[in-house]
Amino acid sequence: MIDIMSKVDLTLLKATAKWEDIRNLCDEAKGTKAFSVCAPPIYVKRVSDYLNGDIAVCTVIGFPLGYQTTELKVYETEIALKEGADEIDMVVNLTDLKNRDYSKIEDEIRRIKQVVGDNILKVIIETCYLDDSEKIKMCEIINSAKADFVKTSTGFGTSGATLEDIKLLSDNISDSIKIKASGGIRTKEFAEELIKAGASRIGCSSVLND
């Protein structure tokens, strides 16, 4: 039986999230032994201080649309790491992908990974907006840029993780890069199916139902 919660990033990224909501999420994460808490950048320091090393701290960069300049994303990343983030989930610039400016995407991922260093970098590709050829191309770029994870979704797109996408990513990502499934995952059963299909991490906004 899979220990699902140990693979979960418990996440709260709503624009209206109060500190009380974030603190409750931290308590849930500690109580269920989740892998990490993923919170907005503005809360990273408070989350890091509150968790005090008990659970990893994750935050998002270029969220949720990804079309900020690379320089801004790098700066966001530097601040998040200084304030206590252990993991960075960056949103890829889909305008560059649609324009087939692949070298620009790879350069951005490389620059952010250079800042992240030994910490974890996950690249959100927002699969709901991509066809299969674009998903495969993003796998090639992430393979070359040597990020740590490819991640399906922000949770703010038109849909989230699917088994088909996890299988496709698993077939095209290198063995050294892991997969995070996120968006619309509400049950342990679905999370377990995603893990069996190739996901190593699950992003969800609440403790999973049976």
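Helix H3 passes helix H5 in a right-handed crossing. The model is a predicted one.

**Helices H3 and H5**
- The axes of H3 (residues 70-82) and H5 (residues 102-116) come within 10 Å and cross at roughly 20 degrees.
- Because angles under 35 degrees count as roughly parallel, H3 and H5 are roughly parallel to each other.
- On the H3 side, the residues in contact are Thr70, Glu71, Lys73, Val74, Thr77, Glu78 and Leu81; they meet Glu108, Arg111, Ile112, Val115 and Val116 of H5.
- By class, the contact of H3 with H5 comprises five nonpolar, two polar and five charged residues.

**Helices H1 and H2**
- H1 (19-32) packs against H2 (residues 44-51) at an angle of about 40 degrees, and their axes are 11 Å apart.
- H1 is therefore oblique to H2.
- The crossing of H1 past H2 is right-handed.
- H1 contributes Trp19, Ile22, Arg23, Cys26, Asp27 and Lys30 to the contact, and H2 contributes Arg46, Val47, Tyr50 and Leu51.
- These residues of the contact of H1 with H2 divide into six nonpolar and four charged, with no polar residue.

**Helices H6 and H7**
- H6 (residues 132-145) and H7 (residues 163-172) have axes that come within 9 Å and cross at roughly 40 degrees.
- This angle makes H6 oblique to H7.
- H6 passes H7 in a right-handed crossing.
- Asp132, Lys135, Ile136, Cys139 and Asn143 of H6 make the contact with Asp165, Leu168, Leu169 and Asn172 of H7.
- Four nonpolar, two polar and three charged residues form the contact of H6 with H7.

**The largest pocket**
- The largest pocket holds about 470 Å³ of space.
- It is lined by 23 residues, of which Thr11, Leu13, Gly155, Cys204 and Ser205 are the closest to its centre.
- Helix H1, strand E7 (178-182) and strand E8 (201-204) are the elements that give two or more residues to the lining of the largest pocket.
- H1 gives the most to this lining, with four residues.
- The lining of the largest pocket has six nonpolar, eleven polar and six charged residues.

Note on methods: Residues numbered from 1 in each chain as written. Predicted model: local features only at pLDDT ≥ 70, side-chain atom pairs only at ≥ 80, totals over all residues. Heavy atoms only, no water. Axes fitted to C-alpha atoms, helices over the stretch in contact; angles between N-to-C directions. Parallel < 35°, antiparallel > 145°, perpendicular 65-115°, else oblique. Left-handed = near helix turned anticlockwise from the far one by under 90°. Contact = heavy atoms within 4.5 Å. Nonpolar A, V, L, I, M, F, W, Y, C, P; charged D, E, K, R; others polar. 1 Å grid on protein atoms, 1.4 Å probe; cavity = no way out; pocket = protein on both sides within 12 Å on 5 of 7 lines; lining within 4 Å. Points joined across faces, edges and corners; volume = space filled by probe spheres on them.
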